[in-house]
Amino acid sequence: MAAMREIAAKPDATQKDKNVITILEVCNEMYARGIEFLPIDLYKSHGKKFLEENGAIRPPLNTIMGLSDAVADSIIEARKDGEFISVEDLMRRAKLGKSMIEKLKEYEVLNDLPDTSQVSLFDF
């Protein structure tokens with residue numbers, strides 16, 4: 001609710017900002033009706049479509065603020081070659097910059113992924 005009020009109060013709100021209000025209103029209604037949302041998942045989330053999964057809804061990658069359809073498509077394409085071994089691997093294969101990685105971390109999408117592909121002797 002606070003996010004909707006914040007966007008609505010912006011005098012220079014863009015059409016994209018206004019679309020976010022609509023999405024938040026729908027989400028709020030879904031919560032009120034007891035529909036559960038699953039977290040965005042690097043491997044399970046679609047790029048652009050909400051997916052039904054065991055009676056709950058998994059949001060797509062492009063629902064992350066600042067993550068475009070093109071970036072979502074790049075992640076979907078890169079994950080076809082198998083799981084990512086690190087954040088470095090994701091950056092390289094999906095051609096993502098640091099700002100996009102920070103967004104994914106902010107939304108806790110990369111929690112199970114180590115930052116680097118390098119192995120330390122202390123890992124053994």
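**Exercise 1.** Find the residue that pairs with E29 in a salt bridge, and state the exposure of both partners.

*Solution.* Step 1: apply the criterion. A salt bridge needs a side-chain nitrogen of Lys or Arg within 4 Å of a carboxyl oxygen of Asp or Glu. Step 2: look at R33. Its side chain meets that of E29, with N to O at 2.7 Å. Step 3: classify exposure. Buried means under 20% relative accessible area, exposed over 50%, and partly exposed in between (1.4 Å probe, protein chains only). E29 has 39% and is partly exposed. R33 reaches 65% and is exposed.

The model is predicted: local features need pLDDT of at least 70, side-chain atom pairs count only at pLDDT 80 or more, and totals for chains, interfaces and linings use all residues. Residues are numbered from 1 along each chain as its sequence is written, and side-chain values use heavy atoms, leaving out hydrogens and water.

**Exercise 2.** Trace the salt-bridge network that contains D89.

*Solution.* Step 1: take R92. It forms a salt bridge with D89 at 2.7 Å, N to O. Helices are DSSP runs (H or I, at least four residues), numbered from the N terminus. Step 2: take R93. Its closest N and O atoms with D89 are 2.8 Å apart, a salt bridge. R93 and D89 are four residues apart in helix α4, about one turn. Step 3: join the pairs. Shared partners link D89, R92 and R93 into one network. D89 is buried at 6%. R93 is buried at 19%. R92 is exposed at 59%.

**Exercise 3.** State how many salt bridges the whole structure holds.

*Solution.* The search finds eight.

Key:
Helices (H or I, at least four residues) and strands (E, at least two) are DSSP runs, numbered from the N terminus.
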